[in-house]
Amino acid sequence: IVRSVDEILKTEFGIEDGLASTITWGEMMARKPELKLPKFCTATTPFVQVLDPATGTGTFIVEVITQIHAHMLAKWRTQGKVTKAQWQPLWVEYVKHHLLPRLYAFELMMAPYAIAHMKIGLKLAETGYTFPEDGPRVNVFLTNALEPAHAINPGLEFEAPMLAHEAAAANRVKEQLAATVVVGNPPYSGESMNRIAWIEQDIRDNYQMMDGQKLVERGKKNWLLDDYVKFLRKSHLQTLGAGLGCIGLVINNAFLDNPTFRGLRNSLL
């Protein structure tokens, strides 16, 4: 999936370096004047920003790093930088300024969240990154991706300031990130326990409609409220916020031909 997204960025978006690209919104808008600058973005904001909304133990983010590292090494080799002594300083600077600031992920459960940080750290160390003291944090946040940004409980700031800081950082990302790439393996559950009112209503308004008419199905079960559909809709909205984008998710194949999902297919088209 990650390799496919990288290829699509190169072939369909005309971005030569794919996921590794440092192209900005200003540069993309100069190429394609029909693009509009998303809210909270400036001309210097990176265009290729990646989000995994249900990252688990960070598998997709690790694969994104793997793909980008291989691309950059190949690029530097063509410039004659073939030894580690030649390319490692370039990689450290690239990760610090152009990689970690473009990767974002959300995870609800504490254990996989912690493992994701560890796996990403190990992967970066494996590639030769040396973790400079002034380097940025890994943007994996302990939060429910489907919950909108909300005020922080003052009690939490007093009792657990680190968690309050994490929640505030997650809020900023939810409000301001214009991700053009969404990848991941979201949860599937027809009996969803993640009952977030806004996303369920949004699905009814967009995926349960055809030509302005509400779709009414037999039976009491609304399979459109499966967790994976909620995360697909979240990803859809994320790219709509940017005005365009590429989604690569592992999801149930029922959406391809199930009659209940015809509104979803119509909306994506």
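Me: Which residue of β4 is the bridge partner of Val 50?

Reply: This is a predicted model, in which local features need pLDDT of at least 70 and side-chain atom pairs count only at pLDDT 80 or more, while totals for chains, interfaces and linings use all residues. Residues are numbered from 1 along each chain as its sequence is written, and side-chain values use heavy atoms, with hydrogens and water left out. Strands (E, at least two residues) and helices (H or I, at least four) are DSSP runs numbered from the N terminus, and two strands pair if DSSP finds at least two bridges between them. β1 and β4 pair in the parallel sense over 2 bridges, and in β4 the partner of Val 50 is Val 181.

Me: Which way do the residues of β4 point, and are they buried or exposed?

Reply: Buried means under 20% relative accessible area, exposed means over 50%, and partly exposed lies in between, with a 1.4 Å probe and protein chains only. From strand β4 (residues 181-184), Val 181 and Val 183 point one way, whereas Val 182 and Gly 184 point the other way. For all of them, the state is buried.

Me: Which residue in β7 stands opposite Val 183?

Reply: The strands β4 and β7 pair in the parallel sense, and 4 bridges join them. Within this pairing, the residue of β7 opposite Val 183 is Gly 248.

Me: In what order do the strands of the open sheet lie?

Reply: The sheet is made of 5 strands and its pairing is parallel. Its edge strands, each of which pairs on one side only, are β3 (140-142) and β7 (246-249). The twist from one strand to the next averages 15 degrees, with axes taken as lines fitted to C-alpha atoms (for helices over the stretch in contact) and angles running from 0 to 180 degrees between N-to-C directions. The order is β3-β2-β1-β4-β7.

Me: What angle does the direction of helix α7 make with that of β3?

Reply: Helix α7 (residues 161-176) packs on the sheet, where it touches β2 and β3. The angle between the direction of this helix and that of β3 is about 120 degrees.

Me: Why does Thr 180 count as buried, and what is its relative accessible area?

Reply: Thr 180 is placed in the loop between α7 and β4. Leaving aside neighbours within four places in sequence, Thr 180 is in contact (heavy atoms within 4.5 Å) with several residues, among them Trp 25, Phe 47, Thr 239 and Cys 246. Thr 180 counts as buried because its relative accessible area is 1%.

Me: Which side chain does that of Asp 6 join in a polar contact of 3.1 Å?

Reply: Asp 6 has its place in helix α1 (residues 2-11) and is buried, with a relative accessible area of 4%. Neighbours within four places in sequence aside, Asp 6 is in contact with Asp 17, Gly 18, Leu 19 and Gln 67. A polar contact is a pair of N or O atoms within 3.5 Å; within protein, one must be able to donate a hydrogen and the other to accept it, and residues adjacent in sequence count only if both atoms are side-chain atoms. The partner in the 3.1 Å contact is Lys 10.

Me: Is Asp 211 buried or exposed?

Reply: Asp 211 lies in the loop between β5 (209-210) and β6 (213-214), and it has a positive phi of about 55 degrees although it is not a glycine. With a relative accessible area of 72%, Asp 211 is exposed.
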